[in-house]
Amino acid sequence: MRYKRFLSSSFPAFLFTFFFLSAITYGASEQFKGKIYDTGTLKPVDSRTRLKAGMQAPSFTLPSITGEKISLADYRGEKNVVISFVPAAWTPVCSDQWPGYNLLKDVFDKNNAVFLGVSVDNLPTLHAWTKEMGDLWFPVLSDFWPHGAVAKKYGVLRSNGVSERALFIIDKKGIIRYVDVHDINKRPPLEALVRELEKLNK
Amino acid sequence: MLVSVLVFAQVISAAGPAPSTGGPFPDITLPVPDNPAQKEYLGLKGKGSFRLSQIKAGLLIIEIFSMYCPYCQKEAPNVNELHRLISSREDIKDKIKIIGIGAGNTPLEIDVFRKKYDIEFPLFSDETFSAHAATGGVRTPYFFVIRTKTGEPGVIVYANVGSIEDPQQFLDLIIKKSTLE
């Protein structure tokens, strides 16, 4: 009885949602025009990370779109590291996330930090996708094979093989200082990232 | 669950089609800028919020943009040039004003964009996408030019997605379309 009532009252709302979702992409850049695949609204978080501030960051080595291999250990004792996992190339929110960080080189420099963009897409896809963003000053890493291995290590691999939209800040000693596994449908506000970066030097 | 779906449906449905040329532009509410020069530029007084129809201008150029949008980043110097062209002409500088509305951008994000490109005209944060939804949830950058009337919604004389292309030609075009001269 209760189930039936739920169905009858919610069905029009579902229809309504799907109808309008197809018509609008929030904040989409004209840069990507018809190239963005509309994922619709997804389950906000679909994994559970055991990583927390204060823990040692899992090590990794990944290939970047410029051909070099990048290891977290490369920055040990030298730089703070911000890792930005994005779910997938050519999807709505991700396509309008890294281009913003591209304006922030001086903020990262000032806080002695590097930015690493990570996605489970393969290198050719990441190459084509990031070309649309202009010249990026930071490395873009492919966590394609073994598929999503680093995302899995960090506890942010979703059940369908893409990663969460997650930010990890790791200090020069390799200790995690900040974790934000964000609602996949939304872009994390810059305020939080900058505030956490500034804390590193205190 | 049901409540969230209903609320979501309402938020999404708030974005209708983009307002088009010849029609009225929604008289949206924005916060009065803190910067005194920008307040004077828009002819506003006091604090709190204001409606577009309170802006002192014959023509208002509204750019819907986002700090995160690469196209908007590339377009920024072009819009600055348009602002410079308008400001340098005594006959129109008090009649044509420009504002930017940052769709989904927080105050810090607006600030980063403004500093990066040395933008002098006022930029507004639209963190909740409410102004963006009211103006049709358009792709960015999107330019509206409206002929303003005090206390009434403006009439749209130009509405287009993407670059304004050549700023001088754009300025000539919108003046012609608005019969300001």
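**Figure 1. Crossing of helix 7 of chain A and helix 4 of chain B in the predicted model.** The axes of helix 7 (residues 190-199) of chain A and helix 4 (residues 107-117) of chain B come within 7 Å and cross at roughly 80 degrees. Angles of 65 to 115 degrees count as roughly perpendicular, and helix 7 of chain A and helix 4 of chain B are therefore described as roughly perpendicular to each other. On the side of chain A, the helices meet through A:L190, A:E191 and A:V194, which face B:L108, B:E109 and B:V112 of chain B. The residues of this contact between helix 7 of chain A and helix 4 of chain B comprise four nonpolar and two charged ones, with no polar residue among them. The model shown here and in the following views is a predicted one.

**Figure 2. The open sheet of chain A.** Five strands of chain A, in the order 5-4-3-6-7, form an open sheet whose pairing is mixed. Strand 5 (140-142) and strand 7 (176-182) of chain A are the edge strands, each of them pairing on one side only, and the twist from one strand to the next averages 20 degrees. The sheet belongs to a chain with seven helices and seven strands, which follow one another along the sequence of chain A in the pattern α-β-β-β-α-α-α-β-α-β-α-β-β-α.

**Figure 3. Strand 3 of chain A and its two partners.** Strand 3 (residues 80-85) of chain A is joined by five bridges to strand 6 (residues 165-170) of chain A, and these two strands run antiparallel. In strand 6 of chain A, A:L167 is the bridge partner of A:S84, while A:I169 is that of A:V82. Six bridges join strand 3 of chain A to strand 4 (residues 113-119) of chain A, and this pair runs parallel; here A:V81 has A:V114 as its bridge partner in strand 4 of chain A.

**Figure 4. Burial of strand 3 of chain A.** In a regular strand the side chains alternate between the two faces of the sheet. Both faces of strand 3 of chain A are covered, with A:N80, A:V82 and A:S84 buried on one side and A:V81, A:I83 and A:F85 buried on the other. Six of the six residues of strand 3 of chain A are buried, so the strand is largely enclosed by the rest of the structure. Of the 202 residues of chain A, 36% count as buried.

**Figure 5. A:F168 in the largest nonpolar core.** This core holds 86 residues, of which A:F168, B:L60 and B:F144 touch the most other members. Leaving aside residues up to four places away in sequence, A:F168 touches A:A57, A:I83, A:Y154, A:I176 and A:V179.

Technical notes
Residues are numbered from 1 along each chain as its sequence is written. Chains are lettered from A and ligands numbered from 1 in the order in which they are written. This is a predicted model: local features need pLDDT of at least 70, side-chain atom pairs count only at pLDDT 80 or more; totals for chains, interfaces and linings use all residues. A nonpolar core is a set of buried Ala, Val, Leu, Ile, Met, Phe, Trp, Tyr and Cys residues joined through C-beta atoms within 7 Å. A residue is buried if 20 or more other C-beta atoms lie within 10 Å of its own, exposed if 12 or fewer, and partly exposed in between; C-beta atoms are placed from the backbone. Two residues are in contact if their C-beta atoms, placed from the backbone, lie within 7 Å. Axes are lines fitted to C-alpha atoms, for helices over the stretch in contact, and angles run from 0 to 180 degrees between N-to-C directions. Helices (H or I, at least four residues) and strands (E, at least two) are DSSP runs, numbered from the N terminus. Angles under 35 degrees count as roughly parallel, over 145 as roughly antiparallel, 65 to 115 as roughly perpendicular and the rest as oblique. Ala, Val, Leu, Ile, Met, Phe, Trp, Tyr, Cys and Pro count as nonpolar, Asp, Glu, Lys and Arg as charged, and the others, Gly among them, as polar. Two strands pair if DSSP finds at least two bridges between them.
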